[in-house]
Amino acid sequence: MKNMSRFSKSIILSAVVLLAASCARTAKIDAVVADAPSSDVIVKLLDINRFETLDTVALDQTGHFSYKVDVKKGQPEFVYLFHGDTKIASMILKSGDKVTIETDTLGNYTVFGSEESTKLAEVERDYAKVLAKMNSIARRIEESVNADYALTLRQQLGKEYLDYYRSRIKYVMENSRSLSVVPVFYQTLGADLPVFAQATDAIHYRNTADSLALEYPDSKYVKALRQEADRRFGYLELESRLSSAESISYPDIELPDIKGQKCKLTDVDSKVVLLHFWTATDTEQKMFNLEVLKPLYNEFHSKGFEIYQVSLDVDKGLWAQVVKEQALPWISVCDSQGASSIYARTYNLSALPAIYIIANGELVDGSIVDEKSLRKTIKDNLR
């Protein structure tokens with residue numbers, strides 16, 4: 001060793017550093033699957049709202065396998081093991097974690113070496129338990145021929161839901177810096193019954209996103225939760241505005257224009273207002289601005305006609321560029337929530353573009369199918 005050159009020492013030191021860095025960017029799984037020797041296990045990664053298959057791993061004759069997952073520092077990953085179509089284990093892995101899993105082909109598993117994974121297992125067990133209980137009650141309701149008994153069962157079903165909802169709020173508040181709370185926010189008890197279904201749940205989403213951001217500021221899961229929190233707060237704020245607003249025949253809209261200034265639909269002081277939902281990504285809709293809307297605006301604006309145009313474009317830069325290039329003279333605002341826009345939902349949009357006419361503060365009944373019918377509606381209501 002005394003005769004080792006500085007160059008050789010440098011190579012060895014570099015190799016050690018690279019090896020340490022490599023280990024720090026991975027998490028290791030050691031697992032045993034009972035009753036499944038020499039079969040395969042599928043390793044999947046959760047990518048926000050879908051599974052991505054990482055690998056298919058062969059078990060040895062004892063049902064054992066080892067596997068390493070790439071995990072960036074500060075960005076834990078949700079990783080799942082599947083045997084066929086059955087999920088048999090769930091983990092939240094941090095870089096450097098060494099996790100041991102004992103499971104079977106039915107998904108009865110225990111996890112060691114990861115506090116976050118242990119909490120996730122607890123979340124899943126609680127969820128499976130309440131689902132089984134509520135499904136059992138629902139089956140008994142369907143089979144019941146006694147109306148009074150069926151009513152009692154429905155009340156019991158409601159109580160189970162309420163008790164579970166309260167327990168999840170408690171769990172979220174007590175574990176606000178654990179990623180195990182993320183799947184809790186997306187649980188459903190039936191196809192149309194989210195656990196967090198109240199408008200005021202937006203507060204829990206935002207508070208939890210704030211707490212998790214302190215622990216995992218770069219996590220894609222935390223960023224997704226933040227987006228959901230913002231979306232729900234949008235609905236909550238809209239609901240509050242609608243409940244306290246003066247009586248009008250149409251829901252108000254308040255969005256920023258290309259200068260970032262908020263513009264309210266109800267502040268438009270014109271006899272006739274054309275409310276137009278569109279997207280700047282569609283060529284035909286851009287041509288509609290130039291070939292139909294601009295001529296109408298130039299003809300009728302001086303007579304009391306205005307356009308309030310709402311872009312549902314996630315890419316606000318693209319929208320602003322089109323507005324400037326086309327020199328659109330009317331009120332142009334953008335809702336970067338896109339298809340998730342609270343206003344798209346409020347106005348029950350099924351497709352773009354969509355047009356509404358507001359005359360003298362009231363929504364005008366009638367179908368607008370082409371430029372001719374649009375022109376006639378505007379002209380009739382300006383009289």
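**Entry 1: α6 and α9.** I am working from a predicted model. I started with helix α6 (residues 283-300) and helix α9 (residues 371-381), whose axes come within 12 Å and cross at roughly 20°. An angle under 35 degrees counts as roughly parallel, so I put α6 and α9 down as roughly parallel to each other. I also looked up the hand of the α6 and α9 crossing, and it is right-handed.

Next I wanted the residues. On the α6 side I listed Phe 288, Val 292, Leu 296, Glu 299 and Phe 300, and these meet Glu 371, Leu 374, Arg 375, Ile 378 and Lys 379 of α9. Sorted by class, the α6 contact with α9 comes to 6 nonpolar and 4 charged residues, with no polar ones.

**Entry 2: α2 and α3.** Which way do α2 and α3 run relative to each other, roughly parallel or roughly antiparallel? I found that the axes of α2 and helix α3 (residues 147-174) come within 9 Å and cross at roughly 170°. Anything over 145 degrees counts as roughly antiparallel, and α2 and α3 are therefore roughly antiparallel to each other.

From α2 I noted, among them, Val 123, Tyr 127, Val 130, Met 134 and Ile 137. The α3 side includes Leu 153, Leu 157, Tyr 161, Tyr 164 and Tyr 171. My tally by class for α2 with α3 reads 14 nonpolar, 1 polar and 8 charged residues.

**Entry 3: the largest pocket.** I then turned to open space. The largest pocket holds about 1,000 Å³. It is lined by 35 residues, and those closest to its centre are Leu 46, Ile 48, Val 182, Pro 183 and Tyr 186. Strands β3 (50-58), β5 (77-83) and β6 (86-93) each give two or more residues to this lining, as do helices α2 (115-143) and α5 (220-244). The class count for the largest pocket's lining is 19 nonpolar, 9 polar and 7 charged.

**Entry 4: the second largest pocket.** This one has about 470 Å³ of space. I counted 19 lining residues, with Gly 234, Glu 237, Leu 255, Asp 335 and Gln 337 closest to the centre. At least two lining residues each come from α5, β9 (254-256) and α8 (342-346). Which element gives the most to this lining? I found α5 at the top, with 6 residues. By class I logged 6 nonpolar, 4 polar and 9 charged residues for the second largest pocket.

Entry 5: A reminder to myself: most residues other than glycine have a negative phi, and most peptide bonds are trans. I flagged two spots with that in mind.

- The peptide bond from Leu 352 to Pro 353 is cis, with omega near 0°. I placed Pro 353 in the loop between α8 and β14 (354-359).
- Asp 35 is not a glycine, yet its phi is positive, near 65°. I found Asp 35 in the loop between β1 (26-34) and β2 (40-47).

How values were computed
Residues numbered from 1 in each chain as written. Predicted model: local features only at pLDDT ≥ 70, side-chain atom pairs only at ≥ 80, totals over all residues. Heavy atoms only, no water. Axes fitted to C-alpha atoms, helices over the stretch in contact; angles between N-to-C directions. Helix = DSSP H or I, 4+ residues; strand = E, 2+ residues; numbered from the N terminus. Parallel < 35°, antiparallel > 145°, perpendicular 65-115°, else oblique. Left-handed = near helix turned anticlockwise from the far one by under 90°. Contact = heavy atoms within 4.5 Å. Nonpolar A, V, L, I, M, F, W, Y, C, P; charged D, E, K, R; others polar. 1 Å grid on protein atoms, 1.4 Å probe; cavity = no way out; pocket = protein on both sides within 12 Å on 5 of 7 lines; lining within 4 Å. Points joined across faces, edges and corners; volume = space filled by probe spheres on them.
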